[in-house]
Amino acid sequence: MNERDLQLLLEANVVKGIDIIGQGCRFHVEVKTQGPSKVVMTGRGDLRQWSSLDACAKWLRKNGIGQAHIHIDQWQPEQKALRL
């Protein structure tokens with residue numbers, strides 16, 4: 001799901017919740033709907049990731065989302081990301 005799809009779901013009022021997931025040294029967003037959770041993707045189809053919680057929260061606020069749950073059990077702040 002890309003940013004445009006997220007806006008459509010928000011306008012249709014079908015979003016049940018937003019989760020910020022810390023995994024490795026980065027964060028990504030999962031959107032809970034009536035069906036299975038959907039992960040926010042980039043326009044190219046890659047997983048949309050942020051290197052800081054602050055940047056992720058700013059992106060959510062810019063898209064009209066004011067509340068999210070944060071899961072940091074798999075977050076490793078000292079882990080280095082691999083550049084492929």
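Student: In this predicted model, which residues of the largest nonpolar core touch the most other members?

Tutor: The largest nonpolar core holds 14 residues. Helix H1 (3-11), S1, S2 and helix H2 (53-62) each supply at least two residues of this core. Those touching the most other members are Leu6, Ile18, Val29, Val31, Cys56, Trp59 and Leu60.

Student: With which residues is Val31 in contact, leaving aside its neighbours within four places in sequence?

Tutor: Val31 belongs to the largest nonpolar core. Contact here requires heavy atoms within 4.5 Å. Beyond its neighbours within four places in sequence, Val31 is in contact with Met1, Leu6, Val15, Gly17, Ile18, Ser37, Lys38 and Val40.

Student: Why is strand S1 (residues 17-24) described as largely enclosed by the rest of the structure?

Tutor: A residue is buried when its relative accessible area is under 20%. Strand S1 is largely enclosed because, of its 8 residues, the number buried is 7.

Student: Which residue of S4 is the bridge partner of Ile20?

Tutor: S1 pairs with strand S2 (residues 26-32) in the antiparallel sense over 7 bridges, and a hairpin of 1 residue joins S1 to S2. With strand S4 (residues 69-75), S1 pairs in the parallel sense over 5 bridges. In S4, the partner of Ile20 is Ile70.

Student: What pattern does the protein chain follow along the sequence?

Tutor: The protein chain contains 2 helices and 4 strands. Read along the sequence, their pattern is α-β-β-β-α-β.

Student: What is the radius of gyration of the protein chain?

Tutor: A compact globule of 84 residues would have a radius of gyration near 12 Å. The value for the protein chain agrees with this, at 13 Å.

Conventions
Residues numbered from 1 in each chain as written. Predicted model: local features only at pLDDT ≥ 70, side-chain atom pairs only at ≥ 80, totals over all residues. Heavy atoms only, no water. Buried < 20%, exposed > 50% of the residue type's maximum accessible area, 1.4 Å probe, protein only. Pairing = 2+ DSSP bridges. Core = buried A, V, L, I, M, F, W, Y, C linked by side-chain atoms within 4.5 Å. Rg over C-alpha atoms; globule rule 2.2 N^0.38 Å.
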